[in-house]
Amino acid sequence: MNNKIPWWSSESYWKKVAIWVTAFMFIVLIALTIDTIPKITAGSERVPAYSVINKHIGYEFNDERNFQVPVIGAEDPLFGKMLSEEEAEALVSHGKKITQGRNCMGCHTLLGNGSYFAPDLTKSWLDPGWVSEAEREQSMIEFLMDPPANARSFGSGRMMPNLHISRDEAKAVIAFLKWMSSIDTNGFPYNFTVIDKES
Amino acid sequence: MNINHLNGGQQLAVKYYIVAMVLFGAQILFGLLSGMQYLYPELLFGILDFNVTRTVHINAMIVWMLYGFIGSVYWLLEEESETEVVGLKLGILGFWVLTSAVTVVVLVFLLVQTGPGDDFTRWFVNEGREYIEAPRWADIGIVICMLIFFYNVSATFMKGKWSGISGVLTLDLVALAGIYIAGMFYTPNISMDQYWWWWVIHLWVEATWEVLVGCLMAWGLMKVLKVDRKIVTTWLYIEVALMFGSGILGLGHHYFWIGTPEYWLTIGGFFSALEPIPLVAMVVHAIYDSGVRHMKGNNNPAFAWLIAHAFGNFFGAGVWGFMHTLPQINLYTHGTQWSASHGHLAFFGAYATIIIAMIYIAVPYIRGQEGISSNLPDGGWKWKWSLGLLNMGVVGMTVALLISGYEQSFIERAVGGSTWLGYFTAQVHPWFVQGMEWRMIFGVMTAAGIVLLLWDLLTIGKEPVSSQKVQTEAA
């Protein structure tokens, strides 16, 4: 090494810094991952068990955290049928596979990630666009089975294409959306208006 | 095209570069279609819906950039290691396997498009996860091809000689290939899904890809400006320390809103805010070396694109990323046209530019020359205009999308309560629509730049330099 070069600008010094910094940051990431995984496993406080679709889900302002958080309420089974944990997981999983197979993320965002051509689906279960809680399940089924005929694009001209979703598939997608709306997303989306109980 | 005078690695690199440029064209074509569908939603409705055009747009981009990187590494491999590529035939086989797989995947995206909600769809049609929509069989094929590539790179350096650049490059490729595997599993839990999905996306584009282009930049500066190896290697180590020092935990800025604990707001916000620092270092490094060499190189187009890379990376990835990385603003901008604005300038500025620079470095050698004359017979108007059109086009799209993004985050998110009605209220607002119109105009400008770029790459250096110009240059 050229002795005229100060240690802090030498190649060998920065090589060591690069190795140690990278290794340290990676170890911290692994440690944080080990802490995070149990906290986002289905059945945890932040990410409820799939059987949460048997319950009423709200999204209310929390004074302590200063943003809206999901509130799990009384029994309110999806399509009027109580499901066991296994049945609920199977239904939600089928719904998620449908959203992947139909490439929903090609237009929508889920938890804010995806494309920006159509509305975010994170809290779509709670959206006032379904008019009222009483009409919601039926409205969602009809919409998913024939989106162009039930399009509500508010003058944008944008419509969801008909992806030939059957009634059973629509129910599975709705189960997945209902479960997703129960995830604690640290207040995202902000300032969300929740659907009314009655029209 | 006769390329027998090139070394084996360079001959293989040319194959990768050709496919990269074809896919670059495809990316822009499908980008134009996606942009048009914002303005004319009935365009190709039910035939090639937005989810198809957009999927092809972003996947063509990821794949052409990978091709550009692999091509660039094969181009420099024999020169840097001072020996022949160890498994050249295997490398050629890998190229054809990868290219066949990419062709099949694109055809399935276009012709089959979607499938039922079962495992067959995820394995053979579409995985439905942004950027890594490629079905699982293709994932496995990509990993195998990357392993062949990694074997060729590491074994060739082991047989020949190591350098600072090759050491960083090889270790980076281990991380790059390993991280891809984090995305190859299914879970019904979308929070868990996105946790690992971000390992692939973020740790590629905001960590390992950045280090890879740092290696290419170091090599490119040595090649074009004859910068001293010791200087570029020291800078490379500094960049690696800063890049991984900020970028690895910067991953946390994707963990604000997906169900992950609140501590990620602090960790992600802090470390991702530091991510522009290594990009500043790259700009300083490139500009300093250019000044020291009095901007004199043997290849002006490559030099111009290297400088475009330094600034594009800093503004696109650094400034545009920083603008909405803190959770206090990201709450309103996450998943809006802000992200699209950042994505356009970052991918172009950080990655497209350096690959184009590397191809320009290769072009004179392909034509049996050492460099590109600064006195080209046509004045070099094609490369100059394509440089200008591409950069202005992408910057124009970025600004237009940002204006739409501002409007969307205010009207949909802050005022409209983020509902479907809020979303569409923002989408039909004149400010949003005007942004989309300007994006389209600049998109066409970008497309014109690509046509010129491809024309130039196919022709530059082919025409003999007139004797008068040679004399002028010599003088």
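Mentor: A salt bridge here is a side-chain nitrogen of Lys or Arg within 4 Å of a carboxyl oxygen of Asp or Glu. Before we use that, note that this is a predicted model, in which local features need pLDDT of at least 70 and side-chain atom pairs count only at pLDDT 80 or more, whereas totals for chains, interfaces and linings use all residues. Residues are numbered from 1 along each chain as its sequence is written, chains are lettered from A and ligands numbered from 1 in the order in which they are written, and side-chain values use heavy atoms, with hydrogens and water left out.

Trainee: OK, what does A:D184 pair with in a salt bridge?
Mentor: A:D184 meets the side chain of A:R65, with an N to O distance of 2.6 Å. The two come from distant parts of the chain, 119 residues apart: A:D184 is in the segment after helix 4 (167–181) of chain A, and A:R65 is in the loop between strand 1 (55–62) and strand 2 (67–75). Helices (H or I, at least four residues) and strands (E, at least two) are DSSP runs, numbered from the N terminus.

Trainee: And is A:D184 buried or exposed?
Mentor: A:D184 counts as buried because its relative accessibility is 10%, while A:R65, at 24%, counts as partly exposed. The cut-offs are under 20% relative accessible area for buried, over 50% for exposed and partly exposed in between, with a 1.4 Å probe and protein chains only.

Trainee: Which residue does A:R102 bridge to?
Mentor: That one is A:E169, and the closest N and O atoms of the pair are 3.0 Å apart. A:R102 sits in the loop between helix 2 and strand 3 (109–110) of chain A and A:E169 in helix 4, so the bridge ties together parts that are 67 residues apart in sequence. Both A:R102 and A:E169 are buried.

Trainee: How many salt bridges are there over all chains?
Mentor: There are 19 in the structure. One of them pairs B:K230 with A:E11, with 3.6 Å between the closest N and O atoms. This pair joins two chains, because B:K230 lies in helix 8 (residues 229–250) of chain B and A:E11 in helix 1 of chain A. B:K230 is partly exposed at 36% relative accessibility, and A:E11 is partly exposed at 24%. There is also a network of salt bridges that links A:K96, B:E127, B:R129, B:R136, B:D139 and B:D193.

Trainee: Which charged residue is buried yet has no salt bridge?
Mentor: That describes B:D289, whose nearest side chain of opposite charge, B:R293, is 6.2 Å away; for such counts, Lys and Arg are positive and Asp and Glu negative, with His and the chain ends not counted. B:D289 lies in helix 10 of chain B, and it touches B:L221, B:L225, B:V227 and B:I231, not counting residues up to four places away in sequence.

Trainee: New topic: where is the cis peptide bond?
Mentor: It joins A:F188 and A:P189, with omega at about -5°. A:P189 is in the segment after helix 4 of chain A.

Trainee: Which residues have a positive phi although they are not glycine?
Mentor: B:E82 is one of them, with phi near 60°, and B:H294 is another, with a phi of about 55°. B:E82 is in the loop between helix 2 (50–81) and helix 3 of chain B, and at 57% relative accessibility it counts as exposed. B:H294 is in the loop between helix 10 (276–292) and helix 11 (300–323) of chain B, and it is exposed too, with a relative accessible area of 61%.

How values were computed:
Contact = heavy atoms within 4.5 Å.
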